[in-house]
Amino acid sequence: MNNSMTTAKRRNRALALCAAPLYVFTLLFVLGPLIYMVILSFLTRAEVWGVVNEFTFKNYADLLQPVYLKTFGESLKLALLTTAIDMVLGYAFGYFMARRPPEKRRLLLLLVMVPFWTSSLMRLYGWVIIFRANGTLDTVLMGLHITKEPLKLLYTYPAVVVGMIYALLPFMILSVYTSVEKMDWSLVEAARDLGASPAKAFLTVTLKLTLPGLLTGVILTFIPSIGLFFVADILGGNKVVLVGNVIQEQLMKVHNWPFAAAMAVVLMAMTSLMIFLYRKITHVSELEGMV
Amino acid sequence: MEETILVLDKIKKSFDGVSVLNGIDLEAKRGEFITLLGSSGCGKTTTLRIIAGLESPDSGRVLLSGADVTDTEPNHRNVNTVFQNYALFPHMNVETNIAYSLKLKKKKAPEIKKTVAEALALVQLEGYGKRMPSELSGGQRQRVAIARAVVNEPEVLLLDEPLGALDLKLRRQMQLELKRLQQTLGITFIYITHDQEEALNMSDRIAVMRGGVFEQLGSPAEIYELPRTAYVASFVGSANILTGRCAGGGDTVAVDFPGGTGSALRRDWQGREGDSVTLAVRSENVQLLSSDDSRGIPAAVTETRFAGGMLRISSKLEDGTEVVISRYGIGTDLVSGDAIRIDWAAENAVIVLPDSEVAHE
């Protein structure tokens, strides 16, 4: 008895040792840079290159300038818009996909995954070809006599929105699909049997039970969407400026590292706050483990 | 009691070209307990789903209280179902599950509360209202499913093997409770099972289903005492099926078997001398005679075993037909290979339709 307990303890210790490199890796390469970034955001920019170890709140104070506040607002707005549209499209598609017969399901799943095999940058340039004046979209629309002259969509806000929706839609589709696929459809039949119309049965049963998947999708879409800078870069030209773009610019062109760090910290805090609020509102913990 | 509530009129249904129902006809009276009995794949669940509106028939009609509801959506039929897996909503507690249909009907909160409390009392689950389905045992879930289905006051309650997942002791208890419930509520029950004992215990009428048709529809006594087909006789009464040739006779038909002669009451059989006759004789009605007896048919013992308080002796006729004989008692001198003769009283043999003459398409 005693002997077997020590064996179990020893095994636990061995397992902990196996996992140790992971902890070290995480500390070094995830937590480390994060702490460095927070520290950096309180330091002073050097005259020419790098930083001086001089504590200051200036970087955060600078963020309060209207131009930056507006950028934060713009980023948040775009992220919310992207997430909301992806929610509708992704739910519809994920639901549709999960209700196909298994062999068709596999094919659709493959189609959703295929884009991941190529670089997302390449795919965005594809959108450039579609959106540019006299590009694919214009050729089709004008060919069908729907429009008379080029729409000049490239480097506009709608182009950025479409790009964002496109880039993040698969995450929404896959997380919705996973939870719809697990649905017990006899519950929907029970609801119909008890007097619910198809819409009512969907709202009271299907949607409620697949909510965890939708919520996961929202988080997986919202977090990246607030920081994606290259979509705005490629499809928005310099007309749409997001926090991500400013950070990139401050870091790479202006070389104001402390200010870029302060901006990243605020962005991170804002995202965390949004997710915290969101989890509060949706009571996600109540739903976990139900499906 | 005599008012007709549900009519199924020549219902046919096939899935992917495979026909599942081949013309189902049924008339159920108010307060009647009808059981669809059959092994899996016989079409009983499909029949139930068509009544509920969860499946639509390829042809035929469904009438509820005289109105044609064949094309009516399930939510507009005054029929409720107790599903095989209970299908309780996992995200709602017991009360909310039961109140589901009442809320859809926009009933007032106090009324809902009262109805739910009554339903919980009816299924003896007072105090369980706030529990989640995952916190209940199988038997309790089953009761919640019944309560949820009956609060809607359906004209017909459909039950799809509701006791299938319960252990034997609980099954017996729930059989009694269901029967009591059905009598209290006066609702027509259409009950599905593959357990013949359950069917015989609870039903007013039993429909024995096979291959998408009712092989026989009748009271438990009729089904048990006077099976119409060989299948019904063997499925419900575990009867021996023997085929011989009619050797004449009036009210009692003599039947020739290899090496001997048996007999059966003619009842409404129309056959004549020389015709093939199929008989159903239950094992407890087969008499065991010594091999030098002049009566009966010769047979050879193949196995003896003691099961369920009965001694069961398996034997083979000369033509290879297997006949089982049941006896009370535990001991026998018979061993495999012993020659015996078997016989039965004419009134204990029922002339049935052999499988070859039953239409299943």
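Predicted model: local features only at pLDDT ≥ 70, side-chain atom pairs only at ≥ 80, totals over all residues.
Student: What makes strand E3 of chain B count as largely enclosed?

Tutor: Buried means under 20% relative accessible area. Five of the five residues of E3(B), residues 33–37, are buried, so the rest of the structure largely encloses the strand.

Student: And how do you know which faces of E3(B) are covered?

Tutor: Look at the two sides separately. Phe33(B), Thr35(B) and Leu37(B) sit on one side, Ile34(B) and Leu36(B) on the other, and all are buried, so both faces are covered.

Student: Why is E3(B) said to pair with E8(B)?

Tutor: Pairing needs at least two bridges between the strands. E3(B) and E8(B), residues 188–193, have five bridges, so they pair, and the sense is parallel. One of the positions to look at is Leu36(B), whose bridge partner in E8(B) is Ile192(B).

Student: What about E9(B), and how many bridges join it to E3(B)?

Tutor: Four bridges, with the strands running parallel; the cut-off is at least two, so this counts as pairing too. In E9(B), residues 205–210, Arg205(B) is the bridge partner of Ile34(B).

Student: Where are the domains of chain B?

Tutor: Domain 1 covers 4–230 and domain 2 covers 238–353. Their contact takes eight residues from domain 1 of chain B and nine residues from domain 2 of chain B. The C-alpha centres of the two domains lie 39 Å apart.

Student: How much area do those two domains bury between them?

Tutor: About 700 Å², with 55% of it on carbon and sulfur atoms. The size of an interface is often given as the accessible area lost when the parts come together. Between these domains the count of salt bridges is zero, while three residue pairs are in polar contact, both residues at pLDDT 80 or more.

Student: What makes helix H8 of chain B mostly covered?

Tutor: Six of the eight residues in H8(B), residues 230–237, are buried. They are Ala230(B), Tyr231(B), Val232(B), Ala233(B), Val236(B) and Gly237(B). Just after H8(B), Ser238(B) takes a positive phi of about 45°.

Student: Now for the two chains. How many residues does each give to the contact?

Tutor: Chain A gives 20 residues and chain B gives 23. The area buried between them is about 1,800 Å², of which 60% comes from carbon and sulfur atoms.

Student: Why is the meeting of Glu189(A) and Arg49(B) called a salt bridge?

Tutor: The side-chain nitrogen of a Lys or Arg has to lie within 4 Å of a carboxyl oxygen of Asp or Glu. For Glu189(A) and Arg49(B) the N to O distance is 2.6 Å, so the pair qualifies. The count between chain A and chain B is two salt bridges. On the chain A side, the elements giving two or more residues are H8 (186–193) and H9 (198–227). The interface of the two chains also has nine residue pairs in polar contact, both residues at pLDDT 80 or more.

Student: Last one: why is Ala8(A) called partly exposed?

Tutor: Buried is under 20% and exposed is over 50%, with partly exposed in between. Ala8(A) has 38% relative accessibility, so it counts as partly exposed. Ala8(A) lies in helix H1(A), residues 2–40.

Key. Residues numbered from 1 in each chain as written. Chains lettered and ligands numbered in written order. Heavy atoms only, no water. Buried < 20%, exposed > 50% of the residue type's maximum accessible area, 1.4 Å probe, protein only. Domains from an automatic or database assignment. Contact = heavy atoms within 4.5 Å. Buried area = accessible area lost by both parts, 1.4 Å probe. Polar contact = N/O pair within 3.5 Å; in protein donor to acceptor, adjacent residues only side chain to side chain.
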